[in-house]
Structure formats: C-alpha cells, structure tokens
Amino acid sequence: IQIAGLTFFTVVVWDLAGKKWSLLKSLPAPLLGLSLGTMAFRSAGFDLPTIGSIPKTIPHLVLPDFTYFQFMIGPAMALAGLALIDSLLTCLVGDHLNGEHHSSTREAFGRGLTNTIAGLFGALPTATSTTITVANFRCGSKTVLSSVIHGLVLVAIIFVFGSIAETIPL
C-alpha cells in the first residue's frame, strides 16, 4: 500500500506542478511515479511479487499447423472481429480527443496485418488499447507517432532495461 500510495502521490503532484511549470511536462507523471515507486520498493526491501523474468530475445518464427483449421477458423474470425471493433472504438475516442478523423479501412488493414504477423511469432492477437491512447494524449502526444514511440520504448525495456524492469513490483 505504501508503494502504491507513493506512486499515486507522485503522479498527482507532478501533474499539478506541470500545470504551473510547463518544463515539468516533458517527463510524464506516470513514468516518474513508476520509477520512484520502484526505487522505494527496492530500497525498502519489501517482499512483494515483481514482474519477474523478461525474455531478452526475439521470438522465433512459428509456421502454422493447418491440421485443425476447420475447427479454429470460426473462433479466429470471431476474435478478429472483436479486436477490430475494439480498435475502431478506440479510434473514435482518439478522434474525439485530437479533433481529427481516422481511416477505418486503414485501421482494419493494419490491425489484420499486425495480428497475422504476430501470430507467426506465437503471439496472441491484440486490439488497440483505449487506455494507452488516452494516457498518451494526456501526457502530451498529439500524433500517431506516439504509438511508434510506445513500441520502441517497450523494445528498449526488453533489450536494454529488462533487468531493471524485472524488479518492478506488481
């Protein structure tokens, strides 16, 4: 509770201070809160579960096995449809936040292509995250480049800061 309280307090105070001093907005409050909370956790020596081991390699290509194709095509199409609907709803939220208009066709094509490629590496299909979209916008991002930066930061966390990220408390 102390770690969560410190993290929450840091985010609220930094966000409020950022409204007074614009220079502080260059460092997102959630990142600072996570960093301070993790440092406090590590220095206090609490016995709490952490993220744990993070693989530091690129997954291997896994070719699909079409043995059960007729049984999996229905559930796969349903999952793809749900992911697409969720992604398009997130696009509408993003449109509302930034005053622009997305291309539903491009979003559908991109989502399908991304999930197909991810599946070849053994990953689960995903949808666009409304939470991350709103968080990016609230932290100052205005373009789709923030999603690219988000992905690059995750890659950096895996390959460069993986050993540090493993110690983040759950």
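**Entry 1. Threonine 90**

I began with threonine 90, which counts as buried because its relative accessibility is 2%, and buried means under 20%. The model I am reading is a predicted one. I located threonine 90 in helix α3. I then listed what threonine 90 touches, leaving aside neighbours within four places in sequence, and found Thr128, Ser129, Thr130 and Thr133.

**Entry 2. Helix α3**

I next examined the helix that holds threonine 90. Helix α3 runs over residues 69-98, and its 30 residues should span 44 Å at 1.5 Å a residue. I found its end C-alpha atoms 42 Å apart, which agrees. Which residues of α3 are buried? I noted Ala83, Ser87, Thr90, Cys91, Gly94 and Asp95. These buried residues pack against α4 (104-120) and α5 (130-138). After α3 comes glycine 99, and I recorded its phi as positive, near 75 degrees.

**Entry 3. Helix α2**

I applied the same span check to helix α2, residues 29-44. Its 16 residues should span 22 Å at 1.5 Å a residue, and the end C-alpha atoms are 22 Å apart, so the expectation and the model agree. I listed the buried residues of α2 as Ala29, Leu32, Gly33, Gly37, Thr38 and Phe41. What covers them? The cover includes α1 (2-20). I also looked at the residue that follows α2, glycine 45, and its phi is positive, near 70 degrees.

**Entry 4. Proline 49**

I moved on to the loop between α2 and α3, where proline 49 lies. Proline 49 and proline 169 are 120 residues apart along the chain, yet their C-alpha atoms are separated by 5.9 Å.

**Entry 5. Serine 104**

I placed serine 104 in helix α4. Serine 104 counts as partly exposed because its relative accessibility is 38%, between the cut-offs of 20% and 50%. I took one distance from this residue: serine 104 and threonine 130 are 26 residues apart in sequence and 16 Å apart in space, C-alpha to C-alpha.

**Entry 6. Serine 141**

I found serine 141 in the loop between α5 and α6 (145-159). Not counting residues up to four places away in sequence, serine 141 touches Asn136 and Ser146. How far is serine 141 from aspartate 47, C-alpha to C-alpha? I read 36 Å in space, for a pair 94 residues apart in sequence.

**Entry 7. The chain as a whole**

I counted seven helices and zero strands in the protein, and along the sequence the pattern reads α-α-α-α-α-α-α.

For the dimensions, I noted a radius of gyration of 19 Å, whereas a compact globule of 170 residues would have one near 15 Å. The C-alpha atoms fill a box of roughly 55 × 40 × 25 Å along the principal axes.

How much of the protein counts as buried? I recorded 18% of its 170 residues.

Lastly, I looked up the charges: the protein has 9 positive and 8 negative ones, and their mean positions are 12 Å apart.

Notes: Residues numbered from 1 in each chain as written. Predicted model: local features only at pLDDT ≥ 70, side-chain atom pairs only at ≥ 80, totals over all residues. Heavy atoms only, no water. Helix = DSSP H or I, 4+ residues; strand = E, 2+ residues; numbered from the N terminus. Rg over C-alpha atoms; globule rule 2.2 N^0.38 Å. Buried < 20%, exposed > 50% of the residue type's maximum accessible area, 1.4 Å probe, protein only. Lys, Arg positive; Asp, Glu negative; His and termini not counted. Charge placed at Lys NZ, Arg CZ, Asp CG, Glu CD. Expected span 1.5 Å × (residues − 1). Contact = heavy atoms within 4.5 Å.
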